[in-house]
Amino acid sequence: MIATLNHQALLQVAIDEAMLGLSEGGVPVGGALFAADGSLLGRGHNRRVQEGDPSIHGETDAFRKAGRQRSYRDKIMVTTLAPCWFCSGLIRQFNIGTVIVGESVNFPGGIDWLRENGVTVIDMASKECIDMMSDYIINNPAVWNEDIGEE
Ligand SMILES: [Zn+2]
């Protein structure tokens with residue numbers, strides 16, 4: 001069923017969220033959770049800076065906004081950047097079946113681990129996502145290192 005979905009259109013929702021986060025002065029990572037038919041369940045973005053909350057990542061924000069779902073196996077998590085360990089853990093914990101990432105150049109996160117554990121990971125290698133993140137990292141190295149738990 002996922003083969004019939006327009007992955008770029010799904011990713012665009014996450015990109016729009018990332019841009020919103022950037023406009024708020026935050027880390028530009030967006031996420032969205034979709035049902036198998038491509039209907040949107042929840043969307044969100046990293047709000048570490050805005051809310052002072054290190055647990056609000058694009059993925060966790062979208063996940064929470066989607067509310068309770070009976071099963072996650074057929075759900076699709078879309079994120080502009082490869083999920084960190086925290087978000088990779090969330091994906092495993094709830095058995096989310098498919099993850100679409102905008103890019104994994106700036107940060108590979110847990111995508112190899114997800115694949116090894118049966119999660120379908122689709123890496124869009126989006127130039128728009130790569131440039132958005134690399135620009136942010138160059139201009140805000142301290143915030144970025146804080147975001148990924150580096151010192
Ligand atoms: Zn994360």
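Let me start with Ala32, which stands opposite Val78 in β3. Before going on, two remarks on the ground rules. Residues are numbered from 1 along each chain as its sequence is written. This is a predicted model, in which local features need pLDDT of at least 70 and side-chain atom pairs count only at pLDDT 80 or more, while totals for chains, interfaces and linings use all residues.

Helices (H or I, at least four residues) and strands (E, at least two) are DSSP runs, numbered from the N terminus. Two strands pair if DSSP finds at least two bridges between them.

β1 and β2 form a hairpin with five residues between them, and Gly38 in the turn has a positive phi of about 90°.

Is β1 buried or exposed? Five of its five residues are buried, so β1 is largely enclosed by the rest of the structure. Buried here means 20 or more other C-beta atoms within 10 Å of the residue's own; exposed means 12 or fewer, partly exposed is in between, and C-beta atoms are placed from the backbone. Gly30, Ala32 and Phe34 lie on one side of β1, with Gly31 and Leu33 on the other.

Now the other neighbour of β3. β3 and β4 pair in the parallel sense over four bridges, and Met77 has Val99 of β4 as its bridge partner. Together, β3, α4 and β4 make a right-handed β-α-β unit. Right-handed means that, with the strands pointing away from the viewer, the path from the first strand over the helix to the second runs clockwise.

A further unit of this kind, also right-handed, is made by β4, helix α5 (residues 111–116) and β5. Four bridges join β4 to β5 (residues 120–123), and these run parallel. Val99 has Val121 as its bridge partner in β5. In β4, Thr98 and Ile100 point one way and Val99 and Val101 the other, and all are buried.

On to the core. A nonpolar core is a set of buried Ala, Val, Leu, Ile, Met, Phe, Trp, Tyr and Cys residues joined through C-beta atoms within 7 Å. Which members of the largest one touch the most others? Of its 34 residues, they are Val78, Val99 and Ile100. Elements giving two or more residues to this core include β1, β3, β4 and α6 (127–139). The most comes from α1, with five residues.

Val78 is in contact with Leu10, Leu11, Val13, Ala14, Gly31, Ala32, Phe34 and Ile100, leaving aside neighbours within four places in sequence. Contact means C-beta atoms, placed from the backbone, within 7 Å.

Last, α1. Its buried residues are Leu10, Leu11, Ala14, Ile15, Glu17, Ala18 and Gly21. They pack against β1, β2, α3, β3, β4 and α6. At 1.5 Å a residue, the 17 residues of α1 should span 24 Å, and the end C-alpha atoms are 24 Å apart, which agrees; the expected span is 1.5 Å times one less than the number of residues. After α1 comes Gly25, with a positive phi near 90°.

Notes
Contact = placed C-beta atoms within 7 Å.
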